[in-house]
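Here is a short tour of one protein model, written to be read beside the structure. Take a moment to open the viewer, and then read on.

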Amino acid sequence: MTRLIFHLDMDQFFAAVELRHHPHLRGKPVIIGGSPSGRGIVTTCTYEARRFGVRSGMPASDAIRLCPQAIFVRPNGDKYIDVSRRIFALLREFTDRVEPVSVDEAYMDMTDVVWKEHGVEALAMKIKQRIKEREEITATIGAGANRLVAKVASGMQKPDGFTYLPPERVAAVFQNMPVGDLYGVGRVTQRTLEAFGIRTAGQLAAFPVEVLRRRMGKFGEELVRIARGEGDDTVAMPHEHAQERSMGHEHTFGQNYSDEAILLGRLNLLCEKVARRLRAAGLAGKVVNVKIRYKGFETVLHGHKLKQYVQHEMYIYPVVEKLFHESYRAGEPVRLIGVHLAGLMSTEEILQQELFAPPDTPSLLGDACDSIKQRFGEDAIGFASGTFLNGSRTRSQKKTFNPFFTNLLRA
């Protein structure tokens, strides 16, 4: 049975959310990202900014040179996640087969749903209209018999578009597609394929598989399948999806720091962010890692496996502090610092195995802090050492580090 897969991609999502909150910015080149005077990166931008060549992932300093009139807006992750959750809930009103692949992108299996509507396009338009009515932002949908074709289709008419590629149209559409546009083909692979005289997906689809296999192994076979529009048609439900194996946050300082109080303050904030994500995902971790990147880009990773799973910053931070002191070369300027938790398991599984019973107080405290941040923003509440010592404010130079966390580790 041929399946019907939708790939839904929100248009300029972060920028669209900001424009909804700041309508006076509509029609202007807006860049969501860090400051162009520092080491900021472009997270995303409006289509007006893209016309000047601004792209996601570009250094903000390059973006401002391309588009001097651009208006920079700092990213607000909580705001985007809130909208994203509402949109995914909306998508599940149509089918429970929704698989998010990022905060603004998802696959939907509509095979058993399309019969209720007047065709594929009518169903897609209904989804797009409902998102626009509720969230005032637009989405583009691509439809096909598998994820690969649906993804290609969604990229054909953006923004606010819809494209359906039924199986009988796939070969014609892929025939003249530049091979560099195919999923999985980077610059190195493209050069390898061009050495064989392969410049389009159609040429790759007709190329002898054995030749590519000898040169590129199984990846060569996979590339031919991609060029033929063959792909996975599975859309996993949440409980079927592979569980995240690790979770972490990193921070690049606007200037290098060697003050341990500032570095620990930032680590404290990163612990809060990681812990909040763990709780939101219903996960806990058993391996804590600290990452330190020095001025010369030398990177040090140091980790420790715990005796029990943790999901609260009150338990994560003491370990992080200990790892930091064990690995940091005192006085050396640090460019980037990060916290990662690995060995993740769902709290439901942990409780079933009776390996871990989350203490009540930190759990309630964490839930309360999460609720406050959810309502009033990321900076509304936090531990003092993280709030005042993180390298982001002038007042952070003041040394007021709270030893509470160290005592907790020793307890």
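## Burial and overall make-up

A residue is called buried under 20% relative accessible area, exposed over 50%, and partly exposed in between, using a 1.4 Å probe and protein chains only. This is a predicted model, in which local features need pLDDT of at least 70, side-chain atom pairs count only at pLDDT 80 or more, and totals for chains, interfaces and linings use all residues. Residues are numbered from 1 along each chain as its sequence is written, and side-chain values use heavy atoms, with hydrogens and water left out.

Of the 411 residues in the protein, 46% are buried. The protein has 17 helices and 13 strands, taken as DSSP runs numbered from the N terminus (helices: H or I, at least four residues; strands: E, at least two).

## Two positive phi angles

Glu136 sits in the loop between α5 (120–135) and β7 (139–144). Its phi is positive, near 60°, in a residue other than glycine, and Glu136 is exposed at 51% relative accessible area.

Gln12, in the loop between β1 (5–10) and α1 (13–21), also is not a glycine and has a positive phi of about 35°. Gln12 is buried, with a relative accessible area of 15%.

## A cis peptide bond

Look next at the loop between α6 (147–154) and β8 (162–164), where Pro159 lies. The peptide bond from Lys158 to Pro159 is cis, with omega near 0°.

## A three-stranded sheet

Three strands form an open, mixed sheet in the order β3-β2-β4; strands pair if DSSP finds at least two bridges between them. Because β3 (42–45) and β4 (71–73) each have a single partner strand, one side of each is left without a neighbour in the sheet.

Strand β2 (residues 30–33) runs parallel to β4, joined by three bridges. Within this pair, Val30 stands opposite Ile71 in β4.
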